[in-house]
2 protein chains.
Amino acid sequence: MSIVVTYRFPQGVDARKQAQIIAVGQTAGSWDDRFLHRTQQLTEHLAQVVEVRTLADGYHEAEIQFPIINVENDLASLLTMIFGKYSMAGAGKVVGVQLPQNYGTSPKLGIKGIRKFLGVEDRPLIMAIFKPALGLSAQDHAQILQEVGNAGLDIIKDDEIMADLPSAPTALRLKYCREVIEDIKARTGREILYAVNVTGRADQLLVKAKSLVKNGANALLLNVLTYGFPILEALAADLEINVPIFAHPAFAGAMCAATHTGLSYSVVLGTLMAHGGADAVLYPASYGSLPFYPDEESKIRERLRDRNVFPVPSAGIHPGIVPRALRDYGREVILNAGTGIMDHPSGPAAGVRAFFEALERVEAGEPFDPQIVPASALKEALLKWGC
Amino acid sequence: MSIVVTYRFPQGVDARKQAQIIAVGQTAGSWDDRFLHRTQQLTEHLAQVVEVRTLADGYHEAEIQFPIINVENDLASLLTMIFGKYSMAGAGKVVGVQLPQNYGTSPKLGIKGIRKFLGVEDRPLIMAIFKPALGLSAQDHAQILQEVGNAGLDIIKDDEIMADLPSAPTALRLKYCREVIEDIKARTGREILYAVNVTGRADQLLVKAKSLVKNGANALLLNVLTYGFPILEALAADLEINVPIFAHPAFAGAMCAATHTGLSYSVVLGTLMAHGGADAVLYPASYGSLPFYPDEESKIRERLRDRNVFPVPSAGIHPGIVPRALRDYGREVILNAGTGIMDHPSGPAAGVRAFFEALERVEAGEPFDPQIVPASALKEALLKWGC
């Protein structure tokens with residue numbers, strides 16, 4: 001049982017030398033004759049360079065195998081070991097992390113649990129984001145939820161910027177939205193998940209999360225990268241938090257957007273999120289509004305699904321991308337739209353309807369050309385956002 | 001009261017347009033005629049572009065002022081707002097964050113408290129790191145501490161990679177090292193700070209930190225960037241944690257090393273650490289073993305001292321750099337050496353003595369040329385590591 005990490009170096013870097021520096025420097029850290037009497041204890045902790053290769057594009061890759069006894073079966077001690085001090089050493093990027101299947105934390109619900117809760121097994125799920133991000137009151141949130149919920153929405157989440165603010169306190173947002181969710185359930189039998197953004201200092205956040213769940217929160221949203229993997233892991237391990245955790249990628253670019261430093265998006269938003277206990281993970285879709293590579297997106301998708309975690313391609317999603325999304329993802333996906341629902345020309349409810357019309361049209365094999373699509377919420381969406 | 005953030009963009013980026021995208025996209029997020037009835041609530045939350053300028057090197061800088069009502073007086077909600085989604089938008093780096101003086105968390109002890117505890121007011125403090133990083137037992141730690149403690153060391157810390165491992169459990173490291181600290185205090189009256197690495201899932205870490213302090217830990221080490229600012233803030237706010245928190249920069253390169261993305265080192269290791277409640281902050285010295293810019297180092301130094309936080313230049317520190325360090329820092333600094341003490345040719349105790357000899361030599365205005373320095377621990381250090 002070990003951990004294999006792939007580091008990528010640009011041309012001109014002596015990758016073999018760097019690999020050796022990592023294998024020693026990120027484990028024993030110091031190694032000379034004085035430690036001969038401790039040789040066995042030290043070698044147990046030393047990493048091994050498995051392979052150093054040069055790729056067709058001139059980049060070098062080094063695979064390094066770390067002993068599992070160096071870490072605590074969590075992500076923070078893992079990151080400190082594989083890239084703590086070395087992250088500051090110059091050009092070198094973590095592009096792959098292979099962990100034992102049972103490493104870290106598993107989602108409590110994941111794909112299966114979320115589908116079971118919603119009672120929807122046979123189609124992609126449709127998710128919206130409250131917009132505008134800031135400036136809505138708690139009651140405004142409930143009013144919007146009523147519109148989109150009655151239109152058939154499956155999941156809604158707070159905007160990730162919406163903290164626990166006096167203008168719309170978290171507990172109040174939950175209170176008013178909960179009433180809407182219960183009303184819709186009473187009238188239609190349908191459940192709607194509302195991922196409430198849980199924020200605050202670590203101690204306060206953990207208490208607040210329990211309190212939100214006790215008060216009816218049926219999902220949580222966590223900005224995992226600004227709040228920290230140890231908080232995700234704590235929520236995921238807490239049996240009182242018996243609701244899905246939606247992991248938001250805010251701040252991922254700070255550690256993933258550089259070519260020669262940091263970690264690849266698929267490591268952070270795929271591998272690490274999947275071993276941190278997230279039930280669903282949001283990340284930029286390659287055909288959305290943020291620059292994102294299709295191969296990173298597909299790696300994220302696979303790594304999440306491998307551990308029963310729902311992939312949630314996001315940012316710039318609108319009804320016109322549904323055919324492409326279904327071609328790439330099939331039905332095992334949550335389609336998450338912010339303005340792509342909230343800014344629909346005929347309002348948020350029409351935004352939701354446009355997504356469902358898009359799903360039906362793909363199912364029926366019908367074309368998406370806005371000139372052909374009959375007058376509908378979908379047609380309006382296609383005319384506004386294209387396809 | 002507001003927050004002013006400076007974003008830097010490379011040539012070719014329309015900085016004015018990007019600044020507007022940030023000011024709206026990272027606050028209200030969506031803004032059109034439909035929201036006219038909520039104009040007042042929305043505008044209260046909107047950020048304002050203060051200035052966009054082009055620098056002599058062709059880079060553009062945009063200063064954006066965010067309303068303080070958008071955040072929770074903490075770092076995670078701040079980072080989510082100023083750089084959450086936008087971190088994924090392409091080239092653009094956060095190079096400055098101006099916060100109100102009372103924003104965030106203050107250190108409980110800081111420079112003044114650490115000096116008072118140690119009873120050392122008039123010179124730089126000397127700090128060591130247990131090495132090798134992994135492979136030492138708890139008893140090995142105590143044996144090393146006895147050597148360096150008797151030689152006059154002020155502070156020692158766990159290596160940041162040393163988690164709570166069966167080969168050297170955290171509680172046992174503390175137990176054995178505590179005995180040494182008490183023995184030295186009984187014999188000499190001197191205190192030694194031992195910054196114990198506190199690790200684990202958020203819930204477990206917070207409990208463990210209290211338990212360590214109850215069991216005699218007189219300082220804590222936290223890998224703030226792999227464990228998260230909310231954990232630093234929780235420890236700093238906890239009155240039971242009445243010991244200094246040493247913040248380690250592990251993983252900083254992942255978010256700071258890139259030229260066009262991420263955040264500058266001085267923002268993360270200076271501004272944010274200083275407003276997160278750290279008592280002392282480690283960071284790479286510009287004349288150390290990691291690539292680091294002197295102007296970033298000096299910004300970090302100033303921002304930490306502004307809030308009574310001890311600057312701890314680290315990585316590749318050895319006795320030969322003492323003259324340069326004192327020229328830059330004066331006495332208000334902790335000189336932190338790992339191998340620069342532990343790998344001294346005559347052993348760790350000689351490593352500590354070499355630092356004190358160096359301090360005296362600087363004080364006396366004597367040259368550091370190893371050919372001139374009389375036979376001593378310092379001379380050996382200079383012959384090994386230069387000056």
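The model is predicted: local features need pLDDT of at least 70, side-chain atom pairs count only at pLDDT 80 or more, and totals for chains, interfaces and linings use all residues. Residues are numbered from 1 along each chain as its sequence is written, chains are lettered from A and ligands numbered from 1 in the order in which they are written, and side-chain values use heavy atoms, with hydrogens and water left out.

View 1. Over all chains, the structure holds eight aromatic pairs; rings of Phe, Tyr and Trp (its six-membered ring) pair if their centres lie within 6.5 Å, and planes under 30 degrees apart count as stacked, over 60 as edge-to-face and the rest as tilted. One of them is edge-to-face and joins Phe130(A) to Tyr194(A), with 5.6 Å from centre to centre and 85° between the planes. This pair links distant parts of the chain, 64 residues apart: Phe130(A) is in the loop between β5 (125-129) and α5 (138-150) of chain A, and Tyr194(A) is in strand β7 (residues 193-197) of chain A. Helices (H or I, at least four residues) and strands (E, at least two) are DSSP runs, numbered from the N terminus. Both Phe130(A) and Tyr194(A) are buried; buried means under 20% relative accessible area, exposed over 50%, and partly exposed in between (1.4 Å probe, protein chains only). In chain B, the ring centres of Phe130(B) and Tyr194(B) are 5.6 Å apart and the planes are at 85°, so this pair is edge-to-face. Phe130(B) is buried, at a relative accessible area of 1%, and Tyr194(B) is buried, at 1%.

View 2. Lys131(A) and Pro132(A) are joined by a cis peptide bond with omega about -5°. In chain B, a cis peptide bond with omega about -5° joins Lys131(B) and Pro132(B), and Pro132(B) lies in the loop between β5 and α5 of chain B. Most residues other than glycine have a negative phi, and most peptide bonds are trans.

**View 3. Residues with positive phi.** Asn73(A) is not a glycine, yet its phi is positive, near 60°. Asn73(A) sits in the loop between β3 (60-67) and α3 (75-83) of chain A and is partly exposed, with a relative accessible area of 39%. Asn308(B), also not a glycine, has a positive phi of about 65°; this residue is in the loop between α12 (294-306) and β11 (310-314) of chain B.

**View 4. Arginines over tyrosine rings.** Arg301(A) lies over the face of Tyr329(A), 4.7 Å from the ring centre. In chain B, the charged end of Arg8(B) is over the ring of Tyr59(B), 4.7 Å from its centre. A charge sits over a ring if NZ of Lys or CZ of Arg is within 6 Å of the ring centre and within 35 degrees of the ring normal.

**View 5. Helices α11(A) and α12(A).** Helix α11 (residues 265-274) of chain A is mostly covered, as ten of its ten residues are buried. α11(A) and helix α12 (residues 294-305) of chain A pack at about 5°, with axes 8 Å apart. Therefore α11(A) is roughly parallel to α12(A). The axes are lines fitted to C-alpha atoms, for helices over the stretch in contact, and angles run from 0 to 180 degrees between N-to-C directions. Angles under 35 degrees count as roughly parallel, over 145 as roughly antiparallel, 65 to 115 as roughly perpendicular and the rest as oblique.

**View 6. Surroundings of Gly262(A).** Gly262(A) is in the loop between α10 (252-256) and α11 of chain A and counts as buried, at 0% relative accessibility. Residues up to four places away in sequence aside, Gly262(A) touches Phe83(A), Gly92(A), Lys93(A), Val94(A), Met255(A) and Ala254(B); contact means heavy atoms within 4.5 Å. Gly262(A) and Ala91(A) are 171 residues apart in sequence and 8.9 Å apart in space, C-alpha to C-alpha.
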